[in-house]
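Please open the model in your viewer and keep the sequence panel beside it. The stops below say what to select next and what is there.

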Amino acid sequence: MKMHRYLFFIFIFSQTTIFAQQKLPKGFSYVKDIIPGINVDLRYYSSHNFVGKKIDGYKSPVLIWSTAATNALKKVEKELNAQGMSLKVFDAYRPQKAVQHFKRWALQINDTLSKREFYPNLDKRNLFKLGYIASKSGHSRGSTIDLTIVTLIDHKELDMGSPFDFFGPISHFDTEEINATQKKNRIMLKSIMMKHGFKGYAKEWWHFTLIHEPYQKTYFDFDVY
Ligand SMILES: C[C@@H](N)C(=O)N[C@H](C)C(=O)O
Ligand SMILES: [Zn+2]
């Protein structure tokens with residue numbers, strides 16, 4: 001009898017788990033299904049981001065991305081693993097409603113909750129103009145990603161000279177404000193991404209887009225869950 005009850009709960013739990021994930025649009029995948037070992041810290045699902053609050057459209061801490069880009073990233077992860085390193089992703093597919101949230105936030109000048117950590121030297125109204133946030137983002141096309149490298153053993157981030165989403169010249173790939181090790185780490189990340197078909201972004205060392213992205217003109221808005 002007890003066993004039956006146990007099996008019943010296992011069945012209910014597994015069904016709930018299945019129903020908690022959506023059927024993704026064609027050409028999209030859950031990244032963890034393809035790259036199980038990848039590290040994820042989905043910042044816009046949390047309040048640890050430049051807005052200081054959870055962002056619209058991020059309904060669960062799962063990473064969704066185009067299958068084409070994910071397959072290319074799998075090769076990056078494999079190569080890094082062989083060298084005792086791994087990838088850590090901060091954002092991948094981003095619904096357009098999240099971008100709308102960023103836009104509304106940028107106009108609320110009295111809300112400076114996360115200014116000190118993410119944009120201490122800039123006026124938030126200029127973040128779009130300066131290219132740190134896009135109103136039509138590659139992330140919403142499903143093949144752009146924000147990521148860094150961590151050690152395989154203890155998941156420690158390599159020193160890139162500035163943290164993810166720190167908006168300012170020190171995050172520009174070519175800045176002279178960083179030391180030789182930080183420069184070497186940025187070059188390692190960019191080189192391995194380029195080798196597998198991605199291009200970087202001059203103003204943010206962590207931001208990459210698949211060159212042959214499958215959806216070049218479509219800005220998706222389905223939720224992340
Ligand atoms: C907001 C930041 N993580 C980012 O992704 N910026 C680029 C420019 C974008 O919004 O596409
Ligand atoms: Zn980005």
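**Starting in the sheet**

Begin by selecting strand 4 (residues 85-91) and strand 5 (residues 144-151), which run antiparallel and are joined by six bridges; helices and strands here are DSSP runs (H or I, at least four residues, for helices; E, at least two, for strands), numbered from the N terminus. This is a predicted model, in which local features need pLDDT of at least 70 and side-chain atom pairs count only at pLDDT 80 or more, while totals for chains, interfaces and linings use all residues. Residues are numbered from 1 along each chain as its sequence is written, and chains are lettered from A and ligands numbered from 1 in the order in which they are written.

Within this pair, S86 has V150 of strand 5 as its bridge partner, and K88 stands opposite T148 of strand 5.

Now show the whole open sheet, in which five strands follow the order 2-4-5-7-6 with mixed pairing, two strands being paired if DSSP finds at least two bridges between them. Its edge strands, each pairing on one side only, are strand 2 (39-40) and strand 6 (198-201).

Return to strand 5, which is largely enclosed by the rest of the structure because six of its eight residues are buried, that is, have 20 or more other C-beta atoms within 10 Å of their own, against 12 or fewer for exposed and in between for partly exposed, with C-beta atoms placed from the backbone.

**Helices on the sheet**

Select helix 3 (residues 67-82), which lies across strands 4, 5, 6 and 7 and runs at about 145° to strand 4; axes are lines fitted to C-alpha atoms, for helices over the stretch in contact, and angles run from 0 to 180 degrees between N-to-C directions. Helix 7 (residues 180-195) also packs on the sheet, touching strand 5, strand 6 and strand 7, where contact means C-beta atoms, placed from the backbone, within 7 Å.

In helix 3, pick E79, which counts as partly exposed because it has 13 C-beta neighbours inside 10 Å.

**Around the ligand**

Finally, select ligand 1 with the residues around it: D91, Y132, I133, A134, S137, G138, H139, D146, D165, E204 and H207, each having its C-beta atom, placed from the backbone, within 6 Å of the ligand.

Terms used
Two residues are in contact if their C-beta atoms, placed from the backbone, lie within 7 Å.
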